[in-house]
Each structure stands twice: as C-alpha cells, then as structure tokens.
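Trainee: Could we go through this model together, one question at a time?
Mentor: Gladly, have a look at it and then ask away.

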Amino acid sequence: MKILGIESSCDETAAAIIEDGKKILANVVSSSKELHNKTGGVIPEVAAREQVKCMIPVLNETIHQCSNVTMENIDAIAVTVGPGLIGSLLVGVETAKTIAYVDNKPIIPVNHIFAHIYANFLDVAKEPEFPAIALVVSGGHTELFYMKNRKDLKWIGGTLDDAAGEAFDKTARLLGLVYPGGPAIAAAADKFNIKHSTFNINLPRPMLDSKDLNFSFSGLKAAVMREVNRLKLVKQLNNELIQQLSFEIQEAITDILVVKTLRAAKENHVKSILIGGGVAANKRLKEKLNAQCSIYNIFIPPPKLCTDNAAVIAGYAYFHYRPIAWKKIQAQPDLEVEV
Ligand code: KG4
Ligand code: ZN
C-alpha cells in the first residue's frame, strides 16, 4: 500500500510517499527556518505564508521523485491534523482534503507527535522488538509512551512545562545563538574544550530524582538566564563562555532525557527504546543512550527523519489505518497526546 503523507504543523512543508509503512519512495521537506533565524523563533504568520507558496512545488517534487508512481497508484492520503500552529496546519489539511476529494482517495488524520515514533520503522535493516518505550522529543513536546506493539501506544509521562527542544531553543536565544537552538547549541558545545574551562558553571537537572516519568525544563532555562546575567556582569559573554554554557546545557538536557527514559524502560521491562523528534538528532543524546541503556535495543532514526517530515506521517497512517470522510477532517492545534 502506497500512502502520500503531508506535513505542515510548524515551519516545514513536507510530502512523502511510503510503501507499507516501511519503504521510503519519496521524501521532500522544504523549511522556512532561514526566515526565522533573525527573529529567534517561528513567526506563525510568516511560516504559514511560506507554506502556501511551497505546498504545490513540494507535492510535485514528491511525485517526480517516484518515476513509476502517479496519483492513480496512491492508495491513501495521510495528513498531520495537530498539534501545531493553526495557520500552518490549515495549509496541509486543506491541501490533503482537496486531493482526497478530487482523486477520491481515503484520508487518514494523523497526530504529529505519535508519528515521530514511526521514523524507527522506515528503511531499517532490523525492526524494533516489543514491548518498547518510545520517547518523543520535539520543539513543543517531551513525551514517553509504552508500546505493546506497533499499534498500541500508551502515554506514561511527559513534560510539566517546557519541552526539551524548547529548552534548547530558549537557552540558545539567551546566548545569542540562531534558531533552531538545538543544532546551534550542539555545534557550539562541540567546540568546547574542557581543559580550557574558564568558569565554574553548574546547571540543575530538574526532577532527575523524582520517582515519576515526568520532566521539567523551565528551571534549567531560568538557571541559564541567571548564569548569563552573572557572567555579563563580571566578564564579557565571549565565544569561549558561550561554548562552555552550550556544553553544560546539552549535558543537562541529555542527562534528564536519558535517566527518565532508562527508568521507564526498567519499570516496564521492555526490549527496545525508540526515540523520535528533532532533539533525537542530537549526537550527545545518542552517545549517552548507547552508553547507559546498552541492555536495550536502541533505535534512533537518521537526523533527516528525526526533524519534521511527512515520511513519518504516512508511516504512522499505515499502521493506524483509520480513514475518515474528508469533510470531517479538521486542523486541531491543541491535539492531545495522552492516550
Ligand atoms: O520535531 P521537530 O523537527 O519539530 C517539532 O515537532 O517541534 O523538532 C524541532 C526541535 C527544535 O527545538 C530544535 O532545536 C530541536 O528539535 N533540534 C535539536 C537538534 N536538531 C533539532 N536539538 C538538539 N540537537 C539537535 N541536533
Ligand atoms: Zn515534530
């Protein structure tokens, strides 16, 4: 079964064609990140206007990438209905509904957060064994799920305030780094040489020892703000200090993610750990998971499938094939993840 996926929940416009939830036949992503670099975050109106421009070219390119596939060979359409920015979601949702109506195709509404997990089934040599723990770490979400099998997901914990990606983005902004903050912090942290450490910085790891499976990152952001203000008073916030702070921020966020994921895996006696979402592209997170969770099979998608894309939307729809009438499909910016 070939599913055409469409994704436009934040600053990406994406389409993909996936066969049987596993094989990527085409995967096209157009991002408006550059436009948001200057403003330090996504301006919803700017993102949506760009998506209106990009949607048709992205769809054309997606069909073009599969030489022997036409719309006639597409079995269904899958579209992100939420959570996300309303203007952005509407672009994808209305496009998908139009295609479903005109070409008379079944259409499946998809929750973007669940979909991130399904990157772990795309073009893989070895499939995850179940039960599994799935951690979704994106710009707006940090959620843990227990997966009995590919179809059965249960939410078991999440952030009480900021998401991990948001912590990267907001602290990067405090340091004067570009949006998105995750890759910017990771790049600055890579340049930090511990031997040249010039200042004593100790960032907190909120809720690390709490017995539940919840997260909190807003205290970390506040601590970084205090450090930045303190350092500005006594020193210039020069490149070396920015690199050291970036290193400490990355250490703190990845420590929290690894400890909680490991706790979830132990408590639920699982075989595998699956990671998804933009923050899963972080190399230090991968290193720590591999070092500290080695008794589990760890699955982390390649960076291109961690950040927003439509391949995961079509992949999810294959395993949760529940088409509904196109008239009933609606953008749902506040779609919940607690199932
Ligand atoms: O999943 P995603 O592309 O979009 C949302 O659904 O939000 O995730 C975006 C988030 C941003 O917060 C971004 O800073 C973060 O993922 N991110 C990273 C890295 N690449 C993207 N965080 C840490 N390290 C990275 N390499
Ligand atoms: Zn996402």
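Trainee: Where does P83 lie?
Mentor: First, this is a predicted model, where local features need pLDDT of at least 70 and side-chain atom pairs count only at pLDDT 80 or more, while totals for chains, interfaces and linings use all residues. Residues are numbered from 1 along each chain as its sequence is written, chains are lettered from A and ligands numbered from 1 in the order in which they are written, and side-chain values use heavy atoms, without hydrogens and water. Helices (H or I, at least four residues) and strands (E, at least two) are DSSP runs, numbered from the N terminus. With those names, P83 lies in the loop between β4 (76–82) and α3 (86–102).

Trainee: What is omega for the bond that joins G82 and P83?
Mentor: Most peptide bonds are trans. The bond between G82 and P83 is cis instead, and its omega is about -10°.

Trainee: And which loop holds P180?
Mentor: The peptide bond from Y179 to P180 is also cis, with omega near -5°. As for its place, P180 is found in the loop between α5 and α6.

Trainee: Which protein residues are donors of the zinc ion (ligand 2)?
Mentor: Donors are N, O and S atoms within 2.8 Å of the metal (3.2 Å for Na, K and Ca); water is not among the atoms, so sites may look incomplete. Here the donor atoms lie 2.0 to 2.1 Å from the zinc ion. They belong to H112 (NE2), H116 (NE2) and D308 (OD).

Trainee: How many residues apart are H112 and D308?
Mentor: Along the chain, the zinc donors follow the spacing H-x3-H-x191-D. H112 sits in helix α4 and D308 in the loop between α10 (303–306) and α11 (311–319), so this pair links distant parts of the chain, and the separation is 196 residues.

Trainee: Which residues come nearest to ligand 1?
Mentor: A residue is near a molecule if one of its heavy atoms lies within 4 Å of it. Of the 19 residues around ligand 1, the nearest are H116, G139, D169, G182 and G278.

Trainee: How far is the side chain of N282 from a nitrogen atom of ligand 1?
Mentor: A polar contact is a pair of N or O atoms within 3.5 Å. A backbone N or O atom of G139 lies 2.8 Å from an oxygen atom of ligand 1. For an N or O atom in the side chain of N282, the distance to the nitrogen atom is 3.0 Å.

Terms used
Polar contact = N/O pair within 3.5 Å; in protein donor to acceptor, adjacent residues only side chain to side chain.
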